[in-house]
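Hi everyone, thanks for coming. Please have a look at the sequence and the structure on the screen while I talk.

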Amino acid sequence: MEISTILSSETLTDTAMTTLVDRVGKCLMIIQSFYSNTNWVEMNGAVPYTNFGSPAALTLMPIASSHKETCKSCDNSYAALRMGSCNDNLLVDDHLTSGYRSGQLISTKPSADNSDTTGKCSHGGVTDAGADIPPTGGINKETTEWALSPHAHLHYDASEAAIQATAHFFLNSATGILTDVTQENIMKLLGLQLKSATSLGFVVDVSGSMGDDIASVRLALSQKVNEARRSDAAPGIYVLATFSDPEYLTTARNTTDANEMIEWIDGLSASGGGDCPEYAMSGLLAGVELSEPNSEIFLATDASAKDSSDANTAISAIIAKGIKVHFLLTGSCSSSRRHILSRKKRDLATFQNIAASSGGSVYQIGSLELSTVLGHLLEENFASSIAVMDYFIQTTGESNSMTITVDSGSISLFISITGPHSLTEASLLDPLGRVETFSTENATRHYSSYKIKMTIQNPTPGTWMLTRFSSREWELNITVSSELDIDVQLIETDDSGIHYVSTRNPISGTNYTLAVVVYNLNTSSTSFSVNILDADGTVTSNTPINITFGESKTTGYIPIVIPAANFYVQLIGTDQNGFQFKRMAGAMFTPVGVDLFVQPIFGNLDIGTLQNITYTLSNQGSTTETYTVSIVDDKGRALPPTSKHHSVNAGSNVTDNFQLSSTTELEYTTYTISVTSFGSSTVLQSTTYTVMFTGAFCSSFMTTPKCEVENTGNCSLFSWSASAVFSFDVLTFLVTDNVTVVIDGGDTTRLYISGSCCVTNFTLNAFPTAGSGCQATQYVYKSLSGFQYVTSLEITDDTSGKDGDDVTYVTEDTETNLGLIAGVLIGVAVLILGVTAVLKYVTSKKVVKENTSMVEFEETKHPDTSQKTRFDPKTLSPKAWDCEVTFAPRPPMTTRMKF
């Protein structure tokens, strides 16, 4: 239901999309793992279990009970497995079962005597230590490798069933989650947006100190939006965020209409703010939230960031969406001149750190330069699809001549040089040896803040020559307007041989697979290889790569050992016209020596309770290091301490936790746990999750209260007792008069209930520490002269204010009454009375359910996250119900009738 609710929204915010991807991912993991880790395929073959995971499921296959033996021992040596030694090791063919795996979080395989040959199944394989506990062997089909999967012969059957089940999960006309979902949201969910679908975002300081600059900001931004919308690669969405002081003044909005964006910009004004530091990180995060992946954001301010402590959170959000952030600093406002220099230095470092992490830049300019700088930045980014071609630092000890290779697919060439003090320090020659004079509209250059920017339209393919006429160090960034571009990913392999894309900083010295995805590469292109460049752009290695042209994408893969220092990836080759091309992935990889694993939370969190967020920190380096682990969240639900310091020996790890708690029901909270070196602000690893706080799940079981009343006419002489177990710790309760309730002193989920047999029914309201409780009405189960009958039970969520649907339980009494001998005539009479009573209730009740000694309270509001198979009253046919009427003493005489 949560997935359906999110998908039905017209727009998907970042928080909603993060939650959606998380929930869909977990569903798919469960659905797909089901076929390789249970005995479904052994029983049914390569077909999907369509009721599994479906909210509309009518029936579910029974699960083997805890005491049922499911497997027999088999020889799990590699040679024997290849001969099929474990192919027939299952003992059940009509109940579902799975295999215990060593190290799993839920429970361990039951211990067994070495002489036992039957018992519970194991997962199996060399990674499962439990495979050697009797019964030996296993049943997993996760791979085709016998050493890893004892049922490897069924791997492809499991795979086919999983594929069909996945298609059913998404596309089934009745239950598929993509039914009636917009194409845009489907593309977002599956990551199918076109690479060029971007947004243009502005984050503007509107505090009083910007009074002198805001007019220039309005003019520059309006002009550039007007120019950007006319370009071949106009942004699809425009984003405007503003910030000031206090933080609640932060605003953000987006639109697809450039005219509306211009109206918003023209309405900007500066006021308030108090002291000069403003909430720049708040504004930046708001802008990132509404921006599309792989987009640009420009932040304009004259003040330092009051909330610079949130910089790591901003960096995590920016990296997650691949957004490039440029800072346009128009002044150095400070509330105290004494602190101007120290604050300026500190907060410039904050902005520089964010810009470096995102591939952006920091410009310290006057307000009059704003339009010019923005113009050159937007010219690069919205001329058409922009691809990074090369990046390097030319030191003073290196040659003053630098070559730039331009391929035949380059529409425009952009050269950015940081370091020169004037335009005269750089000269450019085309492939024919002609000096570029920048005297036409097709060739322009601009100088500002020690940067030269050159733009060449329709550049001649070949080798261009850039010459330096100074002794200063240069930093060059060369991009082209071109449809040819690349993305790169690092792929990890876990202990089970499963491959997955890494979303964290890579670990130095570890083996990965480097995947290169190429866009719009002509099939006649040849001679491909991958360069690994260090942080200065120097090539440290070159490896040939085989590029495969597929129907949907063009890819290549090479193994890589992660270096110790930061690095870039560059693909080079020869295009269809014989010219060399170069394309770089814009993001720099940052190898680290520490790993961070944050244990995910499955299901929702109960409000009013402390939830541990457990993490494990692993030092993968060669020396002892001290780290700081921190947690931040968007609702302030993290409890102190929100940061912890750990000294970890090389090759060792430490496990600890933070805590979250909320008293707000149905609240989404996004939290990020990150690790830094002690005393540093640079994030080494981080993990972000979104969870929802809900009221305690309303479910309970109650033993049937029974009265044995004789024909004395005085019901007060007799009493009954019962006990109830709730799905939450009961703090308080309310109960009908003349009924006594006591909470168990050792287990507060359990209540003991008693009363006089004059009480024919009672209502019990139980409440957890926070949130809604359960309201249940129970009718007393009475015995007259040896035969017994039961009336109905009702349960409702305590917040509804209405009784829930009645649920009638017909229960077989298993108690022996040695004082009564039921004859045939009495039995017939009782049968008639029983049928009459049931017919009466059938006319007013919805469900009949058989149970032995426990009555289950049905839940009406909160979803059950226990993963247990639940009885669905909708599955019963209204035309034919089975009912058992039992006679005592034992052995019982049972008559089954349909009516």
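Predicted model: local features only at pLDDT ≥ 70, side-chain atom pairs only at ≥ 80, totals over all residues.

Let's begin with helix 5, which runs over residues 155–171 and has 17 residues. From its first C-alpha to its last it reaches 24 Å, close to the 24 Å expected at 1.5 Å a residue. Which residues of helix 5 are buried? They are H155, A158, A161, A162, A165, T166, F169 and F170. Looking down the axis of helix 5, you'd find these buried residues within an arc of 165°, so they line one face of the helix. Turn to the other side of helix 5, and there Y156, I163 and L171 are exposed.

Now for the disulfides. How many does the structure hold? It holds 4 disulfides, and I'll show you some of them.

One of them joins C707 to C757, with an S to S distance of 1.8 Å. The torsion about the S-S bond of C707 and C757 is about -105°, so this disulfide is left-handed. C707 sits in strand 35, while C757 is in the loop between strand 39 and strand 40, so the pair ties together parts that are 50 residues apart in sequence. Both C707 and C757 are buried.

C715 and C758 form another disulfide, and their sulfur atoms are 1.9 Å apart. Here the torsion about the S-S bond is about 100°, so the disulfide of C715 and C758 is right-handed.

Key:
Residues numbered from 1 in each chain as written. Heavy atoms only, no water. Helix = DSSP H or I, 4+ residues; strand = E, 2+ residues; numbered from the N terminus. Expected span 1.5 Å × (residues − 1). Buried < 20%, exposed > 50% of the residue type's maximum accessible area, 1.4 Å probe, protein only. Arc of directions from axis to C-beta. Disulfide = S-S within 2.5 Å.
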